[in-house]
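This report describes one protein model, beginning with a helix and then turning to its surroundings and aromatic rings.

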Amino acid sequence: MIAKLNFVSFAAALFCFFLPWLEFQCSEKVVVSQSGFQSTYGGGTLGPEFESRQQAGKENDSSNEIDPAIFIAGAFFCVVGGFLLSLISLFRRGRSGIAIPALAGIALILVALQMKIGFPLEHSVTKASKSGGGGTASLGQRLVSMNTRVVYRPWIYFELGALISPLGIAFFAMKPRKEA
């Protein structure tokens, strides 16, 4: 039963990595959206209005690049490793040991830490608002000029919940049982 719960938890955590975690909104319209996986390599999805503006200006400069979120990349590798270990444990029908909850705990800490210090896309907007601009407008400068706000989507919280589950399972599984 424990192996099945761990597998479901890590499958949910892996699935949530590909859903939008972070959005920059301007007047309730999505300007840029970023999933957990996209943040590992510095990608993002432009909203329809922002994409049309960018195509109209034919901007293909390197200033639009977003730095990768290193802690999220580490968490992604922990989740993939935990998923594979839980899959092996599911077919082996044995105890998984401490590796699965340890990977979940590490991934949970890394995601929470990245949320605390902010994602690189957030930092580019902060830097652009302090620098004031000049020269070619970077993505951060354009987001500041549009008066955007950062919104964490529910999927990042589902990710945290899916990573807490193996820790809770391990905690209750280690509880000593009363013998008759």
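## Helix H4

Helix H4 covers residues 70–92, and its 23 residues should span 33 Å at 1.5 Å a residue; the end C-alpha atoms lie 33 Å apart, which agrees. The expected span is 1.5 Å times one less than the number of residues. Helices (H or I, at least four residues) and strands (E, at least two) are DSSP runs numbered from the N terminus. Just after H4, arginine 93 takes a positive phi of about 55°.

The model is predicted: local features need pLDDT of at least 70, side-chain atom pairs count only at pLDDT 80 or more, and totals for chains, interfaces and linings use all residues. Residues are numbered from 1 along each chain as its sequence is written, and side-chain values use heavy atoms, leaving out hydrogens and water.

## Burial around H4

Among the buried residues of H4 are Ile72, Phe76, Val79 and Phe83. Buried means under 20% relative accessible area, exposed over 50%, and partly exposed in between (1.4 Å probe, protein chains only). Their cover includes helices H1, H2, H5 and H8 and strand S1. In the protein, 43% of the 180 residues are buried.

## Aromatic pairs

The whole structure holds 10 aromatic pairs. Rings of Phe, Tyr and Trp (its six-membered ring) pair if their centres lie within 6.5 Å; planes under 30 degrees apart count as stacked, over 60 as edge-to-face and the rest as tilted.

The rings of phenylalanine 37 and phenylalanine 76 have centres 5.3 Å apart and planes at 55°, so this pair is tilted. Phenylalanine 37 belongs to H2 and phenylalanine 76 to H4, so the pair ties together parts 39 residues apart in sequence. Phenylalanine 37 is partly exposed, at 30% relative accessible area, whereas phenylalanine 76 is buried, at 12%.

Definitions and conventions. Contact = heavy atoms within 4.5 Å.
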